[in-house]
Amino acid sequence: MPSTPPPQTYRVKSFGCQMNVYDGERMAELLADQGLVPAAEGADADLVVLNTCHIREKAAEKVYSDIGRIVKDWGRKDGSSPLIAVAGCVAQAEGEEIMARAPAVRMVVGPQAYHRLPGMLAEARAGKRVTDTDMPAATKFDALPGRRRSGPAAFLTVQEGCDKFCTYCVVPYTRGAETSRPFGALIDEAARLVASGAREITLLGQNVNAWTGEDGRGRAIGLDGLIRELAGFADLRRIRYTTSHPGDMTDGLIAAHGEIAKLMPFLHLPVQSGNDRVLGAMNRSHTAESYLRLLDRVRAVRPDIALSGDFIVGFPGETDAEFEDTLKLIDRVGYAQAFSFKYSPRPGTPAAAMEGQIPAAVMDERLRRLQEALGRDQLAFNRASLGKRCAVLVERRGRHAGQWLGKSPWLQSVHFTDEPWSKAAIGDIVEVELTAAGPNSLHARLLQPAPA
Ligand code: 5AD
Ligand code: SF4
């Protein structure tokens, strides 16, 4: 294969979870360090990185249709072709298959190896097809460049991997064992993010509340200790974390919700099912009751907390009555928002080999009923916010002149418009009154001039 001229433009396309969004940003920073610039909107890029998700079959299949589309749409007349890299969890799980099925792919790089992308790029340009899906114990984070740019709401990966082995889930295989990034590295990265404009940081991890470390004085701390430390950054106004596991909700973390004003009143705590037999078969370490008790304890210290969850319908063997238990749990919680999925058998997971796989039509009907219930509760939550006054972090411009889009403390999307006496700017925290509510967003009125 002839060698390829140096790529000048790149595009990183991330699918799936927020961790992939974070990884995608870090890969973009690496490529920028190599002198590449982002391809203009709508233009072909010389290098395309598909940062993939393997969690469900549909997500995993997307990579192949995307590769096909890139190759077909490549508009150049000079016969050159784009450099395509597949990154993320599909790369980790199906690296060899990708290389076999998609000859246009030149690089396959796993989630723990993407700091090696620049070296791989050089080899790919020389005509090689290169795969790196190592899961080195030494962390990639040390090898990544420092953060230089940040929007007002930034992500910070503090923990990766999962040791829980829920029987349906590929994450323990694609992202490896639970590892926590060291405290000092996180404080440094947070400081850089805040210095470059972040006003809110969302701490990320597959099991973010399993994070442990040693603080500056050598004391063992958990996620609540890290949050306390970050709350000391004057210009950092808001802290969030996701995704957490019920088994790692420590007393300290629950207490933090009542004590740390910068920790936003929002908790994403997946439950998956409301039935104890199904939860057992999923290898979840909680029951429906123990989960509800946990939420009661969080509500006791933070009564206005907004709750979010993940649900799977049609886990192998799930009966109609067991599914009804999930609807009952939803009724008891009153979620502010939630994510719900049809069970998707994943290669190599125990559940994929279980008896009693549920027919697609049954799953469709269960998902429809579940989403109807969750949609109803989300609208009810938003309507209950009407008339409230709250702070909104301004994240971007709206579609109309003078219109802005931001987030409430409860992670609702809020639209508002400048007043003659006040013009907002990205990164401001403004006081508003919530005036209209839909299922997915709210409208608000500015209450006082935005801080200078
Ligand atoms: N099928 C359907 N949903 C899944 N999830 C994880 N694995 C599967 C699967 N095999 C869902 C869970 C998890 C979320 C990130 O994705 O609800 O919390
Ligand atoms: Fe997957 Fe369960 Fe780990 Fe979440 S806790 S990443 S669902 S194995």
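These are my notebook entries on salt bridges in this structure.

**Entry 1: the whole model.** I worked with a predicted model. I searched all of it for salt bridges and got 39. I kept one general idea in mind: side chains of opposite charge can pair when their charged atoms come close.

**Entry 2: Glu61 and Arg101.** I looked up this pair and found their side chains joined in a salt bridge, 3.5 Å from N to O. Where do the two residues sit? Glu61 is in helix H2 (residues 57-73), and Arg101 is in helix H3 (residues 88-101). They are 40 residues apart, so I noted a link between distant parts of the chain. I then checked accessibility. Glu61 is partly exposed at 38%. Arg101 is partly exposed too, at 43%.

**Entry 3: Arg69 and Asp66.** I stayed in helix H2, where these two residues lie three apart, about one helical turn. Asp66 is buried, because its 2% falls under the 20% cut-off.

**Entry 4: Asp248 and Lys164.** I found a salt bridge here with an N to O distance of 2.8 Å. I placed Asp248 in the loop between strand E13 (238-242) and helix H8 (251-259). Lys164 is in the loop between strand E8 (159-160) and helix H5 (171-174). The two are 84 residues apart. Asp248 is buried, with a relative accessible area of 17%.

**Entry 5: a network.** Which residues are linked in a network of salt bridges? I listed Glu25, Arg26, Glu29, Arg147, Arg181 and Glu189.

Key
Residues numbered from 1 in each chain as written. Chains lettered and ligands numbered in written order. Predicted model: local features only at pLDDT ≥ 70, side-chain atom pairs only at ≥ 80, totals over all residues. Heavy atoms only, no water. Salt bridge = Lys/Arg side-chain N within 4 Å of Asp/Glu carboxyl O. Helix = DSSP H or I, 4+ residues; strand = E, 2+ residues; numbered from the N terminus. Buried < 20%, exposed > 50% of the residue type's maximum accessible area, 1.4 Å probe, protein only.
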